[in-house]
Amino acid sequence: MYSATLFHQLNAYLTDAWQRGILTLDVLRERGDVYLEHHADGKPPVLAFDYSIIMDGRKLPQPVNYALAAIRPPAGCPATDADKRPFVVIDPRAGHGPGIGGFKMDSEIGIALRQGHPCYFVMFFPQPEPGQTIECVLQAEKAFLDRINSLHDGISGKPFVIGNCQGGWALALLAATAPEKVGPILLAGSPLAYWSGVRGKHPLRYSGGLTGGTWSASLAGDLGGGLFDGAHLVSNFENLNPANTLWEKPYRLYANVDDERERFLEFERWWGGHFMLGKQEMEWISQNLFVGNHLAAGDIELERGNSRVDLRNIRSPIIVFASWGDNITPPQQALNWICDLYHSSDEIRANEQTIVYCLHEQVGHLGIFVSAGVANREHSELASALDLIDVLPPGLYEAVITDTHPETPGQDYLQGRYIVRFEPRDIADIAALDDGRDDELAFEVVRRVAEINQQLYDSFVSPWLRQLIKPAQAEALRVLHPARQERLWLSSFNPWLGWLPQAAAQVRRQRQPLAADNPFWQWQQQGSKWLASALTQWGDWRDRTLEQCFELTYGSPWLRAAVGLPPAGSWQREAQSGRWEREEMLRLKRTELEQHYTAGNPFDGLLRLLVYTAIGTGVVDVRPFNAIRRLMTETPLSEGVALPALKDSIRRQTWLVRNDEGRALDTLGSLLTEPQQRQQALDLAWHLLGIAGPISAEKQARLARVAAALQLSGPSPRPGKAEAAAPVPTAAVAEVAEVAEVAEVAEVAEVAEVAEVAEVAEAAEAAETTAVTELAEAAAVEVATPAAKPARQPAAKRSPPAAKPAKATRAPNGKPAAKPAAAADKPATPRPSRRKPAPDAE
């Protein structure tokens, strides 16, 4: 009986395997047909949205193969609101075509459209224009932003620009050379510190040294007749993970062929759409960025040496999004440029720059752009918090996104299921994410060797090779690339596959999927895991071997001396020193700001009052900011303050308070001159700070000092909490209330969480999960003034967690009692152990 059952299971397994094989082969044939069709159509962007080109870079004085497209919202999305901040997405030009930023509805573009923002997309065409350079592209992107700014009046702020992967460093160049044209910028999975990484991981950074430098990119350009084939870059990505490329990816299609077809073909349409780069463009990228690493060092010169790129010139907030699971742009490459520019967060504040970073735990490189979970969580929350980010005081912050729970305070002020807060960080927190930077010493040698080899190639090889290679030969080499041959042979172009469509159609009619409990299927699944594990181990062995070869070669003191570098022991990395022009500019600006201690209006007075009250406290939370935005709409005062003016006022008053607290307090009366005006300002400030409950003791003490400085006895009696929940200011307070509608942003911007004060202890009592515990700990900052929390670090660098504070108790009236001040000293919840970077998800 058992033998008969086993025979039937084997027969079912073999039948299923035959059917799956036919269907899988047919899907691969369809992939080849999609490739040929996409090529015949001119390789348009793989966007899931309709668009119209409003500016063609091919018609500019310096033609480039770029264009600016306006995205049209699909059915189901709200109509575009021209008064909202425009979004601009710049996709990577790294071998593939454009469109990954709007690959599906749950994407960066989809998030912007669902929120009603005007959305624009910087696309590019398959072939570069003759003589096109990176500087030409930069000028075109500046023209695109001029066009966008001309279409929007800027009331809601300058455009929010997103740069994906290679589009990120292009955006950094743009924002550094034209800071007045952009609003907040998001660098998603973008490398800016190209030598950084962790030993034993991230092997892609060694490829330039192992090939002898940048001459191989020039060779590929010459063999391509002046064009660099993007298929070479795609092959490099695939070689990073042999287990995924050689087995897991095709097996995933085979094992899920009944459901995987549409997703597979959709992704392969983008993955197989290889685009060209000009030889000059690729040489600039490899020499200045990936091997030269000149961007963070401030050594890139444009306009024939008349302009130098300095990332410290970026005036808008910089948001960096990276992932621990990204083996192409690891967090170290995404963040270490900050350490190269600044010694401490004080220098960041002195330069009036705001930098926010957000780290995902495990998503792969492509998942940063195409994962629906990432789009609906990180991208959505960061986009929703843009106005708050835009008014953050200068400094370094980490964006921490957590889930809500039924006891989460202030849920009425959240737009979704997540809470985003901004925790202050220092340069040491960024450095702690790396295992040290001594491993970057060898890359100095790589740069020198690359320069020597490049000069030799340019002098003795490139001239005669350019004469030998004709356009027809270059095209033949491109067609013979393995990535193209794979798609050509497995397509309807191959007459040997003429029988396949009909056979696949018949199989679909007779399809009988195998039961998941079939023992032969389970053995196959286990065998697949063993094979993938073996390929992964082989890949790890290969990477370790290449890393050792790299270190033995470029870590050699003999080679280091031969290329003219000092011994490694005497080398020390230092952050950029400020150029005298910048130092002089900052000195003049400080001199100009000094006069604002006594110059201003009631808006500035209330803003300074709130900044003084909140200076030095905990974590910036989105809920208080949203509460103020709602208060602005619910009160009869509708004029408000434009975001750019609000941003300038917050930064000015924050600088004045930080520069000299005593003077800022003593001169507050010169901004609030009338006694009635002073009382109204103090009352409104007291009310705004206590929207959600009791004001912390420290803030009450500071408010008392404010009252003394303004010669007031204290705030006027207020109605009960129920009445104060939705205040309607009278005409008598209109002059100051107009200020109060937005001035709470200063409180938020200085890391006060007015919406959490009352429920701190209640949140701690309900903390049953790690996420809830983190929220309670963050809220505890309101009760005391602790040092900034350390950044979440890799497991190897974490310290043992301190003992938890005692659970909060309830007062006799049933309300949560104030949390002990000692609880605020508890360090941040440790980051979960870093997992091995997951294979890049499709």
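This is a predicted model: local features need pLDDT of at least 70, side-chain atom pairs count only at pLDDT 80 or more; totals for chains, interfaces and linings use all residues.
1. Buried here means under 20% relative accessible area, exposed means over 50%, and partly exposed is what falls in between, using a 1.4 Å probe and protein chains only. On that scale L388 is buried, with a relative accessible area of 0%. L388 sits in helix α15 (residues 386–390); helices are DSSP runs of H or I with at least four residues, strands are E runs of at least two, and both are numbered from the N terminus.

2. Numbering runs from 1 along each chain as its sequence is written, and side-chain values use heavy atoms, leaving out hydrogens and water.

3. On to the nonpolar cores, i.e. sets of buried Ala, Val, Leu, Ile, Met, Phe, Trp, Tyr and Cys residues joined through side-chain atoms within 4.5 Å. The largest has 84 residues, and those touching the most other members are W169, I185, L295, L311, W337 and I338. Helix α3 (residues 134–151) supplies the largest share of this core, nine residues. A second, separate core holds 59 residues, F87, F125, L366 and Y397 among them.

4. Now the open space. A pocket is an open set of points on a 1 Å grid over the protein atoms alone, with protein on both sides within 12 Å along at least five of seven lines; a cavity is a set where a 1.4 Å probe fits but cannot get out; lining residues have an atom within 4 Å of a point. Points are joined across faces, edges and corners, and volume is the space filled by probe spheres set on them. The largest pocket holds about 1,100 Å³. It has 42 lining residues, with L204, S207, G208, L233 and N236 closest to the centre. Helix α7 gives the most to this lining, six residues.
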